[in-house]
Amino acid sequence: MRQTLIVANWKMYKTLAEAEEFMERFTGEIAGVSGIETVICAPFISLARLSVLMERTTLLLGAQNMHWQKEGAFTGEISPLMLRDLGIKYVIIGHSERRLHFNESNLLIKRKVASAFNFGLIPILCVGENWEQHSSQETEKVIKEQLFSALEGFTLENEFMTKMVLAYEPVWAIGTGTAARGEEANAVAGFMRSLLQEKWGGISEKVRILYGGSVNADNITEFTGKEDLDGALVGGSSLNVETFAGLLKAVFNERRA
Ligand code: PGA
């Protein structure tokens, strides 16, 4: 059984004071919710403080990016060692905004995934096609290329292969208010499992696959109720306490029904 995973991606939102304010109210707001692994991927500057505020909660902390080296002369970067030192468990890698605005290539993404494995961080590896590729039925081709190049050379001996998380995030659905349909996202997740099966056999049933792109409290159960999807990566709807708590409650209530 794969545990449901909901990941908040705060992107470049929230000052430290705003992050603290969120956390103080959020934990009370979700007091009745259990059984859903919930991760908050906050901006770097808030991580140290949030790790303290989240100590006695079941929430987990994640980063949105990292450098692949342990340390070095890389002005402006944050290393996996620094993240691990804070008790951070997850790190988003290869988000389309980083591919697009910061020119992250498949090779760079592969280095970051390898580094996350080496430092005991769980990568949340994002893949997804843009609108043009979607319209010309290239989704599977794009996903295959992104997935295989990011994971090239890794073997099952690496325990993190089964722990890693994949996120199907169609670029056209991110921040647009137009989510993919549940069946559509589930079909792509199924395809991703078949790719894992092809290269790494048994892990295909163990790896969790999320959907991301305009997920909110009203549509979340379209994704969590599907065979090949195990949760969601949530941007805009994770920024507000009530909205994000509402989303978690919707998942919780669906599972009890
Ligand atoms: P969104 O972002 O929920 O605001 O569409 C999702 C993401 O970028 O991970």
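This is a predicted model: local features need pLDDT of at least 70, side-chain atom pairs count only at pLDDT 80 or more; totals for chains, interfaces and linings use all residues.
Close-up 1. Ser204 sits in the loop that links α9 (182–200) to β7 (208–212). Leaving aside residues up to four places away in sequence, Ser204 touches Arg193, Leu196 and Gln197. Ser96 is 108 residues from Ser204 in sequence. In space, the two C-alpha atoms are 23 Å apart.

**Close-up 2. Helix α9 and its cover.** The 19 residues of α9 should span 27 Å at 1.5 Å a residue. The end C-alpha atoms of α9 are 26 Å apart, which agrees. Buried residues of α9 include Gly182, Ala185, Asn186, Val188 and Ala189. Phe191, Met192, Arg193, Leu195, Leu196 and Trp200 of α9 are buried too. An α-helix has 3.6 residues a turn, so residues three or four places apart point the same way. The cover over the buried residues of α9 includes the strands β5 (122–127), β6 and β7. It also includes the helices α7 (139–151), α8 (160–163) and α10 (220–224). Just after α9, Gly201 takes a positive phi of about 50°.

**Close-up 3. Strand β7 is buried on both faces.** On one side lie Arg208, Leu210 and Gly212, all buried. With 5 of the 5 residues of β7 buried, the strand is largely enclosed by the rest of the structure.

**Close-up 4. β7 pairs with β6 and with β8.** Strand β6 (residues 165–168) runs parallel to β7, and 4 bridges join them. Tyr168 stands opposite Tyr211 of β7. From β6 the chain crosses through α9 to β7, a right-handed β-α-β crossover. Strand β8 (residues 231–234) also pairs with β7 in the parallel sense, over 3 bridges. Here the bridge partner of Tyr211 is Ala232 in β8.

**Close-up 5. Residues around the ligand.** The ligand is surrounded by 13 residues. The closest are Lys11, His95, Glu169, Gly175 and Ser214. An N or O atom in the side chain of Glu169 lies 2.7 Å from an oxygen atom of the ligand. A polar backbone atom of Gly175 is 2.7 Å from a ligand oxygen atom. For Ser214, a polar backbone atom is 2.7 Å from an oxygen atom of the ligand.

Note on methods
Residues are numbered from 1 along each chain as its sequence is written. Side-chain values use heavy atoms; hydrogens and water are left out. Helices (H or I, at least four residues) and strands (E, at least two) are DSSP runs, numbered from the N terminus. Contact means heavy atoms within 4.5 Å. Buried means under 20% relative accessible area, exposed over 50%, partly exposed in between (1.4 Å probe, protein chains only). Two strands pair if DSSP finds at least two bridges between them. A crossover is right-handed if, with the strands pointing away from the viewer, the path from the first strand over the helix to the second runs clockwise. The expected span of a helix is 1.5 Å times one less than its number of residues. A residue is near a molecule or strand if one of its heavy atoms lies within 4 Å of it. A polar contact is a pair of N or O atoms within 3.5 Å; within protein, one must be able to donate a hydrogen and the other to accept it, and residues adjacent in sequence count only if both atoms are side-chain atoms.
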